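Hi,

Here is the structure I promised to pass on. Please open it beside this email and follow along.

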Amino acid sequence: MSDRLDSVFAALADPTRRAILAMLLEDDMAVTDVAEPFEMSLAAISKHLGILSRAGLIQQEKRGRVKWCKLDPDALREASVWMQGFGQFEAVNLDAFERFLASELPDDPPPHG
């Protein structure tokens, strides 16, 4: 279970991927429709979708000539159950958590070496 949770949380770490998941809460969407509100290439969106798919958060399927994306809530449910195990925390606001991390972590990554 640890590897699956790691991939779910890694996928959720990116604001673009969280926005995509929020869009897919409404309904299944074609990849081109997912890409429309973002100022990035279709290839970049496809990479985000691949990460979400590998994490089990979405499913992608080809319908005719169009690739569709569908939210798979089971992976989020597992992560939610894991977080609820801490008991003392209210529902987790991932955007607020990201802002907290940004304020606590240094701006410059440590040098590799």
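The sheet is open and has 3 strands, in the order 1-3-2, with antiparallel pairing. Strand 1 (29-30) and strand 2 (58-63) are the edge strands, and each pairs on one side only. Keep in mind that this is a predicted model.

Look at strand 1 and strand 3 next. They run antiparallel and are joined by 2 bridges. Met29 stands opposite Cys69 in strand 3. Helix 2 packs on the sheet and touches strand 1, strand 2 and strand 3. The direction of helix 2 makes about 90° with that of strand 3.

Now the core. The largest nonpolar core has 22 residues. Ile20, Leu24, Leu49, Leu52 and Leu57 have the most contacts inside it. Several elements each supply at least two residues of this core, including helix 2 (15-26), helix 4 (42-54) and strand 3 (66-71). Helix 1 gives the most, with 4 residues.

Zoom in on Leu49. Not counting residues up to four places away in sequence, Leu49 touches Ile20, Val31, Val34, Ile58, Gln60 and Cys69.

Is Arg18 buried or exposed? Its relative accessible area is 13%, and the cut-off for buried is under 20%, so Arg18 is buried. A polar atom of the Arg18 side chain lies 3.3 Å from the backbone oxygen of Ala13. Leaving out residues up to four places away in sequence, Arg18 touches Leu12, Ala13, Leu94, Asp95 and Glu98.

Best wishes

Conventions:
Residues numbered from 1 in each chain as written. Predicted model: local features only at pLDDT ≥ 70, side-chain atom pairs only at ≥ 80, totals over all residues. Heavy atoms only, no water. Core = buried A, V, L, I, M, F, W, Y, C linked by side-chain atoms within 4.5 Å. Buried < 20%, exposed > 50% of the residue type's maximum accessible area, 1.4 Å probe, protein only. Contact = heavy atoms within 4.5 Å. Polar contact = N/O pair within 3.5 Å; in protein donor to acceptor, adjacent residues only side chain to side chain. Pairing = 2+ DSSP bridges. Axes fitted to C-alpha atoms, helices over the stretch in contact; angles between N-to-C directions.
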